[in-house]
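Let's take a walk through this fold, strand by strand and helix by helix. Keep the viewer open and turn the model as you read.

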Amino acid sequence: MDFTTLATPDTIERTMNALAERGFQPVAVSSKEEALARIKELVPAGASVMNGASETLREIGYLDFLKEGSHPWRNLHDAIIAEADPAAQARLRRESVVSDCYVGSVHALTEGGEMLIASNSGSQLPHLAFTSPSVVLVVGSNKVVPTLQDAFARIAEHIVPLEDARMRSVYGYGTDWSKSLILHKENPAMGRSVHVIIVRDERLGF
């Protein structure tokens, strides 16, 4: 299977309908610029925001936007990176799981509306599963696959090799697929919002 092909309009519509039925809040945009603009609309001024490492967020300009400091949010990730003491940095990282909003991506999205996230440390998983009341996920349509089985294959055959190579080139060591999270649905009783921004016409992330 080619894990880089953009999804067709019919597939995107079917996927969005499935996401909505599962309690998520999907929207489709055409470009990375539109995706960034939608994030700016969704995250309210004064909110604390956290994000994990993400090629998708880098490609749409979100990480640069955070670094510029002109946003109206409290950037918890910056505080973590700026902390030199390892023990204090670890404490800040644990405290960040209660951010008002988590912005990220997923590694695969099924046509049935399920999202799969793979992780080495697992640091982003609490936000996605429970702790952040607002989650915004940006997903290139190249990440849409037919089934959950295909989603696992996408990670094993496509994501892990590319991320391992990236890590080795930047840090001198590779990565491991240590933990997985599947977002099957969002229970409305939890009062959370999980927004899924599907970018139709651009390949984003791995």
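Start at a spot where strands meet: Gly-140 has Val-199 of β10 as its bridge partner. Before going on, a word on what you're looking at: this is a predicted model, in which local features need pLDDT of at least 70 and side-chain atom pairs count only at pLDDT 80 or more, while totals for chains, interfaces and linings use all residues. Residues are numbered from 1 along each chain as its sequence is written, and side-chain values use heavy atoms, with hydrogens and water left out.

Helices (H or I, at least four residues) and strands (E, at least two) are DSSP runs, numbered from the N terminus. Two strands pair if DSSP finds at least two bridges between them. Strand β7 (residues 134–140) and β10 run parallel, joined by 7 bridges. β1 runs parallel to β10 as well, with 5 bridges between them, and there Val-29 has Val-199 as its bridge partner.

How many residues of β10 (residues 193–199) are buried? The count is 7 of 7, where buried means under 20% relative accessible area, exposed over 50% and partly exposed in between (1.4 Å probe, protein chains only). In a regular strand the side chains alternate between the two faces of the sheet. In β10, Ser-193, His-195, Ile-197 and Val-199 sit on one side, Val-194, Val-196 and Ile-198 on the other, and both faces are covered.

Now look at another sheet: it is open, has 4 strands in the order β8-β5-β6-β9, and its pairing is mixed. β8 and β9 (179–183) are at the edges with a single partner strand each, so one side of each has no neighbour in the sheet. β5 and β6 pair in the antiparallel sense over 2 bridges, and Leu-109 stands opposite Met-115 in β6. These two strands form a hairpin with 4 residues between them, and Gly-113 in the turn has a positive phi of about 90°. On its other pairing, β6 meets β9 in the antiparallel sense over 5 bridges, with Ser-119 opposite Lys-179 in β9. β6 itself is largely enclosed by the rest of the structure, because 5 of its 5 residues are buried. Met-115, Ile-117 and Ser-119 point one way from this strand, and Leu-116 and Ala-118 point the other way.

Helix α1 (residues 9–21) lies across β5, β6 and β8, at about 85° to β5; the angle, from 0 to 180 degrees, is taken between N-to-C directions of axes fitted to C-alpha atoms, for helices over the stretch in contact. Contact means heavy atoms within 4.5 Å. The buried residues of α8 pack against β5 (108–110), β6 (115–119) and β8 (144–145); among them are Asp-150, Arg-154, His-158 and Met-167. Helix α8 (residues 148–171) bends by about 40° at Ile-159, with Pro-161 following within four residues. That bend is the angle between axes fitted to the seven residues ending there and the seven starting there. After α8 comes Gly-172, whose phi is positive, near 90°.

Last, a side-chain detail: Lys-40 lies over the face of Phe-65, at 4.3 Å from the ring centre. A charge sits over a ring if NZ of Lys or CZ of Arg is within 6 Å of the ring centre and within 35 degrees of the ring normal.
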